[in-house]
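Subject: A structure for you to look at

Hello,

Here is the structure I promised to pass on to you. Please open it first, and then read my notes below.

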Amino acid sequence: MAKKDKIQYVLNFAADLLSLCVSVLLSWLVTDKVLHVLLDYTQEDWGQFILILAFAFLVVFLGGNGASGLTRRSWRAELWLCVKNTLLLAAALAVALLLTKATMLESRYMYVGVLGLHFVGLFVTHTALKTYLNRYFYKANFATMVGIITTVDRAEPLLRDLKQDWAKKLQGVVLLDAPAPGGQVAGIPVAATYEGAMDWIRREPLDEVYVSVPYQSGDSLRPLLSEMESMGLCVHLNVTVLEPYTAPARGDSPWFPRLRSQLETAGGVPFVTIAAAEHDFGAMLFKRCIDILGALVGLVISVPIIAVTAIPLKLESPGPLFFKQKRVGLNGRVFSIYKLRSMYVDAEQRKQELMAKNKMQGLMFKMDDDPRITRVGRFIRRTSIDELPQFWNVLRGDMSLVGTRPPTLDEYEQYDSHHKRRLSMKPGITGLWQVSGRSDIQDFEEVVKLDVAYIDHWSLALDMRILFKTVGVVLRRTGAE
């Protein structure tokens, strides 16, 4: 499954399950509390009925393929699908009740009520989900940021096809043979030409890049692909030799070689995908669930600690309690990070005066005995209390519990292509760098190597190990300044 299909499948399942739960609740309220026609069943009877209904629902959903075409179905096709699914659920539920000789088999009102309301619920939830995906999903954090590199004659059909994919947000197109940037193609801005292509890709928040250009040999594209791979981007490359075998070229001829379904086709052009690291969708979804749970627990624990810390912090240095700063996250997305303020309010203005004392080799800034840090600030930094507000960033989805360090805008502007690869996963409150020495590592390239190693070898088990190590690092105050 592609990322889009997986998200659609999960959301479709959630919508169908919500419809069924609401149907059971409403049917019980109507038959028992309003019409008073429901018999007095025991808790065991209800538990048996719910288990049988859940089993029948899973059989019907997993056995069908309704999720795949959700966003492209007309309302008539959607209505027919809801009728078919409801009839299948009715048959599966009836068979299961008969085979188990369930007590609630005699409850015709509940049986008809649940199925009737579920039919209506399916149509309503599917329509609402379809509307959300087609109109609003591209604005959400989960949307895939996409850039396109192509030529003037290939641009319009490619962009038309990609715009129909609700999971993609098209950031801009590079027209290699255009005279100058500016203007639009199919409503997408022309961001650059040949001269500024790589500079735009390096600075723009992108998850994927589609490359559709005419070429005789892949040799001329190797430098371009190598640089984008070093950024950690997923690259979709057109295969020129296969273009005559796509559906638009084939026409109505039944006797024509066909491409295998593993190849993606957009705008009548076949693409192969090149990705630096591919992570399992289910594992990443589980990582997000852990982030949400961890952030909620972290925020609850943080409130009393922040309340106690606020008094001496504000007494020593008047100003806001929280420090808000623009940082660069996943593949170049900009977000606001929150920390407890550990410096005087004019710290950012004084930074340029202290650059000569920077002990880091590379783009990060750190110095011994930084005069901008308050006495209370030194304590909350050594104990990592200043990081507690970042649980809010994790809950919002800008960060993860475990990831890479998010750079400042100034640092990001100086990045070379290979530096951007460390942003191909969400930044985290903690990470491999933080548990490997933190302030003891003074070469930025070493930080990049650790971050890339984390991304390339990521697993849920690795996250767990880093989280446990972080607890030890914080308690021992190892490498903190």
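L313 has a relative accessibility of 2% and so counts as buried (buried is under 20% relative accessible area, exposed over 50%, and partly exposed in between, with a 1.4 Å probe and protein chains only). Before I go on: this is a predicted model, in which local features need pLDDT of at least 70 and side-chain atom pairs count only at pLDDT 80 or more, while totals for chains, interfaces and linings use all residues. Residues are numbered from 1 along each chain as its sequence is written, and side-chain values use heavy atoms, with hydrogens and water left out.

You will find L313 in helix α9 (helices, H or I with at least four residues, and strands, E with at least two, are DSSP runs numbered from the N terminus). Apart from neighbours within four places in sequence, L313 is in contact with L321, R341, V376 and I380 (contact means heavy atoms within 4.5 Å). L313 and V376 are 63 residues apart in sequence, yet their C-alpha atoms are 5.8 Å apart in space.

That brings us to the helix pair around L313. Helix α9 (residues 281-316) and helix α11 (residues 375-382) cross at roughly 145°, and their axes come within 8 Å (axes are lines fitted to C-alpha atoms, for helices over the stretch in contact, and angles run from 0 to 180 degrees between N-to-C directions). On the α9 side the contact is made by T309, P312, L313 and E316, which meet R375, V376 and I380 in α11. By class, this contact has 4 nonpolar, 1 polar and 2 charged residues (nonpolar are Ala, Val, Leu, Ile, Met, Phe, Trp, Tyr, Cys and Pro; charged are Asp, Glu, Lys and Arg; the others, Gly among them, are polar).

**Another helix pair, and the loop beside it**

Helix α3 (residues 75-100) packs against helix α4 (residues 108-135) at an angle of about 145°, with the axes 9 Å apart. The crossing of α3 and α4 is right-handed (a crossing is left-handed if the near helix is turned anticlockwise from the far one by less than a right angle, and right-handed if clockwise). The residues of this contact divide into 15 nonpolar, 4 polar and 2 charged.

In the loop between α3 and α4 sits K101, which is exposed at 72% relative accessibility. The phi of K101 is near 55°, a positive value in a residue other than glycine. Most residues other than glycine have a negative phi. N331 also has a positive phi, of about 50°, although it is not a glycine. N331 lies in the loop between β9 (322-328) and β10 (334-340), and is buried, with a relative accessible area of 5%.

**Aromatic pairs**

How many aromatic pairs does a search of the whole structure find? There are 9 aromatic pairs (rings of Phe, Tyr and Trp, the last by its six-membered ring, pair if their centres lie within 6.5 Å; planes under 30 degrees apart count as stacked, over 60 as edge-to-face and the rest as tilted). One of them is the tilted pair of F13 and F57, at 5.7 Å centre to centre and 45° between the planes. This pair links distant parts of the chain, as F13 is in helix α1 (residues 3-34) and F57 in helix α2 (residues 43-63), 44 residues apart. F13 is partly exposed, with a relative accessible area of 26%, whereas F57 is buried at 6%. Y9, F13, F57 and F61 form one aromatic cluster.

**A buried helix face and the whole protein**

In helix α7 (residues 222-230), the residues L224, L225, M228 and S230 are buried. Their cover includes β1 (144-150), α6 (197-203), β5 (208-212), β6 (234-238) and β8 (269-274). Just after α7, G232 takes a positive phi of about 85°.

Taken as a whole, the protein has 15 helices and 12 strands. Of its 481 residues, 47% count as buried. Among contacts between residues at least 6 apart in sequence, 74% join residues at least 24 apart.

Enjoy exploring!

Best wishes
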